[in-house]
Amino acid sequence: MRWSFHICTIAGTEVRIHATFLLLLAFVGWQALGQGAGVPGMLEAMALVCAMFSCVLLHEFGHVTAARRYGIRTPDITLLPIGGVARLERMPRHPIHELVVAICGPLVNVVIAIVIGTFVGWPKSFTPEVMLSDSLGFWQVLTNWNLLMVAFNLIPAFPMDGGRVLRALLAMIVSDYAKATRWAATIGQTIAVLVVMNMVLSSRFQPMLVLIAFFVFFAAGQEASVVEEEEAAGNMQVGDAMLTEFHTLPSNAVLREAVELLLAGTQHDFPVLDEDGTMMGVLTRRRLIPALADHGPGYPAQLIIEPCAESVEPRMSLVQAMAKLKASPCPAIPVIDPITEKMVGLLTAENVGEALLVRSALRQRMKAMSAS
Ligand SMILES: [Zn+2]
């Protein structure tokens, strides 16, 4: 994620923090100072935010640890002001696995709340007035924060954990992952619409809730379309969707050569190969254009290529390769023949999209023919 900084690496998962989180921290400190709390008050307010986000981080590690049990790695977790994002290599497809991975995050918050709550006492009631009151101490706020995180994450809508729990439960009943996702997405969207309608009818407008409802509505739609895309890719292989006619650049190429290729065809990203034909990286359009303005057309292409550690094989399943492509910072992944070790194709999101469109058109044609 752009604008995020490395903090540490725990058990193979990099922890990153987004720059806007530091803004939040500064804002909270400034607000405490403004309310006349002095420097100790400012430090306490900032420590509280850090403690709250440590709970978010532990929540994410709940998911990460559960996912690891099923052989799914998590390259990184990013802390944002709205919460944490753990980038799992892939989502578990087995309903029970997904259920366990989804539930282990909120479970961590339950444990934290029980531990702190046992020592400092529980809230007198669970109404928003009591839970979010201004007069609470450090540890009480932390207990309530963990309880709120559990409640929020168990809302049965994507992208909350509750949405994944719901999908896993539905998948156990209908044993069709795509159908379960569609149902779960529709339920999440219905909840979002009902929340907004209720607010309009009762004329109690809460901007934060509207924002969350919109977020949920679009995230649910996106989740359903991703799964549908994967479903369309079904039994396709990389070889069915890769670009086979593409241009490459030699290691000593200059930007001018890339510009000529860019203008002559539809390819945006060009693999740069060394003398042995091994790929050194990809010269992308997003880097080419600014470099052209900064350094001119005679600048060596090699100096601005994006390194591409990933590669795929022609017989690899397209679903697996799409996950690799999404996780990779490179917009194009080389397809390497495992026997000759030569590059035989290029996998780009654009080409995969086109291959899926063709596949779905052919499927519709087949359906129409079998119906008539
Ligand atoms: Zn979670």
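The dialogue below sets computed values against their definitions.

Tutor: Two ground rules come first. Numbering starts from 1 along each chain as its sequence is written. The model is predicted, so local features need pLDDT of at least 70 and side-chain atom pairs count only at pLDDT 80 or more, while totals for chains, interfaces and linings use all residues.

Student: Why is Val358 called exposed?

Tutor: The label rests on a count of other C-beta atoms, placed from the backbone, within 10 Å of a residue's own: 20 or more is buried, 12 or fewer is exposed, and in between is partly exposed. Val358 has 12, so Val358 is exposed. Its place is in helix H13 (residues 349-371). Helices here are DSSP runs of H or I with at least four residues, strands are E runs of at least two, and both are numbered from the N terminus.

Student: How many of the protein's residues are buried?

Tutor: Buried residues are 31% of the 372. The secondary structure has 13 helices and nine strands.

Student: What makes the pairing in the S5-S6-S7 sheet mixed?

Tutor: In general, strands of a sheet pair through backbone hydrogen bonds, either parallel or antiparallel. S6 and S7 are antiparallel. S5 and S6 pair in the parallel sense, over two bridges. Leu249 stands opposite Val272 in S6. The three-strand sheet is open, and its pairing is mixed.

Student: Why are S5 and S7 called edge strands?

Tutor: Strand S5 (249-250) and S7 each pair on one side only.

Student: What makes a set of residues a nonpolar core?

Tutor: The members are buried Ala, Val, Leu, Ile, Met, Phe, Trp, Tyr and Cys residues, joined through C-beta atoms within 7 Å. The largest such core has 36 residues, with Leu57 and Ala220 making the most contacts inside it. Among the elements that each supply at least two residues are strand S2 (13-18), helix H2 (38-69) and helix H8 (207-233). H2 gives the most, seven residues.

Student: How do you know that this core lies between two domains?

Tutor: Domain 1 (1-154) and domain 2 (156-233) both give residues to this core, so it lies between them. Such bounds come from an automatic or database domain assignment.

Student: Which residues does Leu57 touch beyond four places away in sequence?

Tutor: Leu57 touches Val15, Ile77, Leu79 and Gly84. Contact means C-beta atoms, placed from the backbone, within 7 Å.

Student: How many residues of domain 2 and domain 3 are in contact?

Tutor: Four residues of domain 2 are in contact with five of domain 3. The side from domain 2 has two nonpolar, no polar and two charged residues. Nonpolar covers Ala, Val, Leu, Ile, Met, Phe, Trp, Tyr, Cys and Pro; charged covers Asp, Glu, Lys and Arg; the others, Gly among them, are polar.

Technical notes
Two residues are in contact if their C-beta atoms, placed from the backbone, lie within 7 Å. Two strands pair if DSSP finds at least two bridges between them.
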